[in-house]
Structure formats: C-alpha cells, structure tokens
Amino acid sequence: MILRRLLTIAVAATLPGALWAAGEVTQFTLDNGMEAVVIEDHRSPAVVHMVWYRTGAADEPPGVSGIAHFLEHLMFKSTDDLENGEFSRIVEANGGSDNAFTSWDYTAYFQRVAADRLGLMMQMEADRMRDLVITETDVVTERSVVLEERAQRTDSSPGALFNEQMRAALYLNHPYRIPIIGWRHEMLELGLDDALAFYERFYAPNNAILIVAGDVEPEEVQRLAEEHYGPLQPTPDLPERVRPSEPDHIADRTVRFEDGRVANPYVSRTYLAPERDSGAQEEAAALTLLAEILGGNGTTAVLGRTLQNEEGRALFAGAYYQATSLDDTSFTVLNVPVPGVSLEEAEADLDRVIADFLETGIDPAQFERIQFRYAASEIYNQDNVQGLARMYGVALTTGLTVEDVQAWPDVIAATTAEDVMQAARALFGGDTRSVTGYLDRPAAVETEEATQ
C-alpha cells in the first residue's frame, strides 16, 4: 500500500491534473439480473458503451467449435426493428464507431459515441440482445466470412498454427484447447440451428454485464438502463457456468511443427498456471511480476539480458503470463535462437538460464524497478477510458469483482521478491504440467537455400 501511494504521488507530480479525471466507479443491478458498472470520466463529451456476455468459445457445445465467434458476426444482422447492417450504419451516422470481440471466456460488443447518444446505443443493443433475426442466407454468407478469417489469420500463419497445436496439447480435457475461431472441419458445418441455440441459451440480461465509461452520471445511466434493458426478460434456466476440468498431467508433451514459411525457428514451453481468483490474487500477482522479471524488457529481463545481450545466442527471448482467466491459464517462456544454434540447444539455454535464476534469485534493484514500472503502467492506464471499460469487462466475466480490480495495484505492490521466487519454484518445479514446442523449417528447405 505504501509503495502504491508513493508511486501515485511520484507519477502524479509529473502529469497535468487533467490526466487524473477518471472518476468513481458505480455498480447497480437491474431487476432482471443484468449487472452494470459506470466509470466516470468527464474530460470529453464521449462515452464507451459495452455489453459483455458471460459466454465464449470455452462454453460451446461439443462439435460446434467457433459458434460463439460466428454468432458475434451474426449479431450485426437484422433484428425485428433493424435491417442487416443498420446497427453499424446508425452508429457511424451518429459520429461513432462500434465493434465486437470473442474470447474463450466472454463475448463483448461496444460503441464509442458522443455522450448524448448513449440512450440510442442502449436501445439498439437491447434490441439485438433478445430480438435477433437470422436467416439461412445470413448463415451461408457469414460462414464464408469466418472461414476466410481463419484462412487469413490462422491457416496462412505458421506461428498461429503452431500456437493452436500447442494449446491443444497443453489442455488435455478443458475446452481452452479449442480455437476461438473454431476447427475448420466443424466451422464448415455451422448452421442456423446451432447459432439460434447458442443465442437463446446465453444471450440474456441475467448473463450480461453493462459497462459505461465516459462523460456520464451514474443516475442517468441507471435510468437509461432501466428504460432500455429493464423490460428484457431473463432466462430462468440459465445453466451454471461449469467447464470440464483438467485431469492430472502425468507426462510432459512435445509438439514439433515444421513449415517452409517459418522465418525464424524458435522453441517455447508453456506451463499450466493458476489464474487470478476473486479475493485471492496474490499468486497471480507473483506470476505477473515473474513474467516481467524473466521477459519483460529485452535489455534488463533475465532471459533477454542473458541470451540476447550477454551471450549473443538469441534473437529474442521472453516470458508471458495471462493472469485474467476463468479457469487455469498459462505461463510461457520462449527462445528464438540466432542462426547456427539448434532448437535443442535453444531449449537447453532456456533450462540453464531458468535454473540459474532459481539458484541466484532476484536482483533487488531490478525487482524494485519492475514493480515501480508495472505500477506506473497501471496508473497511466487510467487515462484510457475504453481500456478501463475493457479491463473491468474482462475481470467481471472471468469471476473477479470490481473490488478485485481496484485492489490489484495494491496486491502487486505488496508482492515481495520471495513471493515471486516461491511462484517460480512452483511453476518450474519439475512437474509435468507443461508442453514444449519446436517451430522449425523443414530440413529440405534449409538444404535447398544453403545450396543456392
């Protein structure tokens, strides 16, 4: 707490007062179960309006992978009041922008408009929450769109294909193993009945969170929400959000993927890791700082400093941790070796540097710098109203609370170097909850290029 307050004072002293205008966070719940969060920020007459659904790719029934993302596309089609594409045209005509996104744990829709258009956004979003109209023609057209999206973003990218295979190997039973966009062979079969079943099951006010951030007053937001969302009927038999759990992992796994399009081969290892839990965020905080210490900055982080700068054996080395997740998440270390260093040697380099780190511990000066830098980034994030809205949306759809979000900087500040080392020993302690992956070029390609 003391470090957090000192940091706030230190950073605030360097910033104009207008940057600290993000105001109070207010919560309320409508009678139909729809939760709402209001984040005040009166610096400009604009507002971000978001509706988050507690459903994503990990909530899909077996055999219809990609249906959550597919439905996201179909939500921009007709309703009983709007024609195909009219939603976005109205937003644009009112000087705003809109979009949507799907993850394993949530699906979200948002608009950024002038604050006096908030009521109109609620009216349209409430309309498509319960009165979406989808036709067979819509399904055929949009299915082609998502298949092309997969072709461009995944099938044409060796790295994306490799990451897809790595994730499928990491999770043996949990649906996090399934790609958000879906497996192509199942995407080809997605139909109208699949979309309507998913929509009718999960798109309901009692499965949604409204987040409004910007130049608004909480009382007015609540009045508008009661007017537009309040009349919507909840789903009485909304299923409890329980996913298949992971069995004990009794064997390490290795994935080897070769593709002639690979420019820089690399090795990575991904571990199952605990996520942020409501009221108990300490372990996730330690892992967050561990990722920064190992891979956050190429010149000072342990992996980059050792393998890139001191030894010259890597083009890049890093570490990543995704803390906010409903169920067990992942922690990844990665090494892109310089030409002439094999992937087997690159893997040994990762193991060696991590073993040295576990032996020698954290440099106190580095730890202080990283903790300070992370807290500073959290403070600067307050300046982005859309980022704030997204931060709360991700948290609330993955089991956290507003109080957890607000406590997170203090939890980070209270984390000690020993806490981080304890998390590191638990993560790298030799159990079998990891997958090692080699992304490489076929030997034939290497030989052909060498002879040219």
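I took contact to mean heavy atoms within 4.5 Å, and I took helices (H or I, at least four residues) and strands (E, at least two) as DSSP runs numbered from the N terminus. The model is predicted, so that local features need pLDDT of at least 70 and side-chain atom pairs count only at pLDDT 80 or more, while totals for chains, interfaces and linings use all residues. Residues are numbered from 1 along each chain as its sequence is written, and side-chain values use heavy atoms, with hydrogens and water left out.

I looked up the strand order and found five strands in an open sheet, 9-13-10-12-11, with mixed pairing, where two strands pair if DSSP finds at least two bridges between them. Strand 9 (253-258) and strand 11 (314-321) are the edge strands, each pairing on one side only. From one strand to the next the twist averages 15°. I then followed strand 10 (residues 266-273), which runs antiparallel to strand 13 (residues 434-440) and is joined to strand 13 by six bridges; Tyr271 stands opposite Ser434 in strand 13.

Helix 10. I traced helix 10 (residues 282-295) across strand 10, strand 11 and strand 12 (329-337), and noted that helix 10 runs at about 175° to strand 11; axes are lines fitted to C-alpha atoms, for helices over the stretch in contact, and angles run from 0 to 180 degrees between N-to-C directions. Helix 10 also packs with helix 15 (residues 402-414) at an angle of about 65°, the axes lying 9 Å apart. In that contact I listed Glu282, Ala284, Ala285, Thr288 and Leu289 of helix 10, which meet Trp408, Val411 and Ile412 of helix 15.
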